[in-house]
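Welcome! Take a look at the sequence and the 3D view, and then we will walk through a few features together.

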Amino acid sequence: MHIEKINLHKISTKYGDGKVFGQRGQFKTLFLVSMMNSSKQQVWGESYIGIYIPDNLDQIAKLISDRLMGLEILNKKDYKSRISIPFVSGSGLFQSTLSAFDLCIWQLRAFELNISLLDLIKSELNKELVRDSSSKKIKFYGSGGSVSFNPVEC
C-alpha cells in the first residue's frame, strides 16, 4: 500500500482570554493532516506547533506532503530518505510540523500490518525506556500554554 492522498487543515477556535502563555490573541489554531492509503483508509494527525505559529506552517507542510505522496507505507528507509533535508529536517519547526505526518504514517503501518497501533508501537520501542505496570500513574500534566495553569485550571 502507498500514500494516495494528503490534505492539510487548519481550524481556529476562540480560546482563553488572550493571556494564555505563549499564544497570541484569543484563538487557538489546530494544524491537522489527513492521509489516505491506496486501500482508501483515512487517518489523521496533529502538529501541536500549529497552536503557536499557524501562519508559518504552510510551506513546510506542503514540502513534506509533496515528498511523501506515493510512499510505500512499510518502506521505512524510503520514508527517512524522503523527509531528510541536511541541516533542516532534524529539529525545530520542520520536525514539529512533520509530527502530524508521522502520526498518520504510524496508523497506516498498523493498518497494513493488521495489528493495533499500540502493538506496532510496542514492537518498535526500546524496551529499556518502557514504564512498568507498577509505575506511579500520571493523572495530568501541563503542556503548552497550560504550563502556567494550576491543577484546577488544567
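A pocket is found on a 1 Å grid over the protein atoms alone, as an open set of points where a 1.4 Å probe fits, with protein on both sides within 12 Å along at least five of seven lines. Its volume is the space filled by probe spheres set on the points, which are joined across faces, edges and corners. This is a predicted model, where local features need pLDDT of at least 70 and side-chain atom pairs count only at pLDDT 80 or more, while totals for chains, interfaces and linings use all residues. Residues are numbered from 1 along each chain as its sequence is written, and side-chain values use heavy atoms, without hydrogens and water.

**The pocket**

The largest pocket holds about 190 Å³ of space. Which helix gives the most to its lining? That is H3, with six residues. Helix H2 (76–83) and helix H3 (92–113) each supply at least two lining residues; helices here are DSSP runs of H or I with at least four residues, and strands are E runs with at least two, numbered from the N terminus. Lining residues have an atom within 4 Å of a grid point, and among them are Tyr-79, Trp-106 and Arg-109. Arg-109 also lies over the face of Tyr-79, 5.5 Å from the ring centre (for Arg, this needs CZ within 6 Å of the centre and within 35 degrees of the ring normal).

**The strands**

Two strands pair if DSSP finds at least two bridges between them. Here are the pairings:

| Strands | Direction | Bridges | Facing residues |
|---|---|---|---|
| S1 (residues 3–14) and S2 | antiparallel | eleven | Ile-6 and Met-35 |
| S2 and S3 (residues 42–47) | antiparallel | six | Phe-31 and Ser-47 |

S2 (residues 27–37) is largely enclosed by the rest of the structure, because nine of its eleven residues are buried. Buried means under 20% relative accessible area, exposed over 50% and partly exposed in between, with a 1.4 Å probe and protein chains only. Four residues lie between the strands in the hairpin of S2 and S3, where Lys-40 takes a positive phi near 70°.

**An aromatic pair**

Rings of Phe, Tyr and Trp (its six-membered ring) pair if their centres lie within 6.5 Å, and planes over 60 degrees apart count as edge-to-face. By this rule there is one aromatic pair. Tyr-48 and Tyr-52 form it edge-to-face, at 5.8 Å centre to centre with 70° between the planes. Tyr-48 is partly exposed at 35% relative accessible area, and Tyr-52 is partly exposed at 22%.

Definitions and conventions:
Rings of Phe, Tyr and Trp (its six-membered ring) pair if their centres lie within 6.5 Å; planes under 30 degrees apart count as stacked, over 60 as edge-to-face and the rest as tilted.
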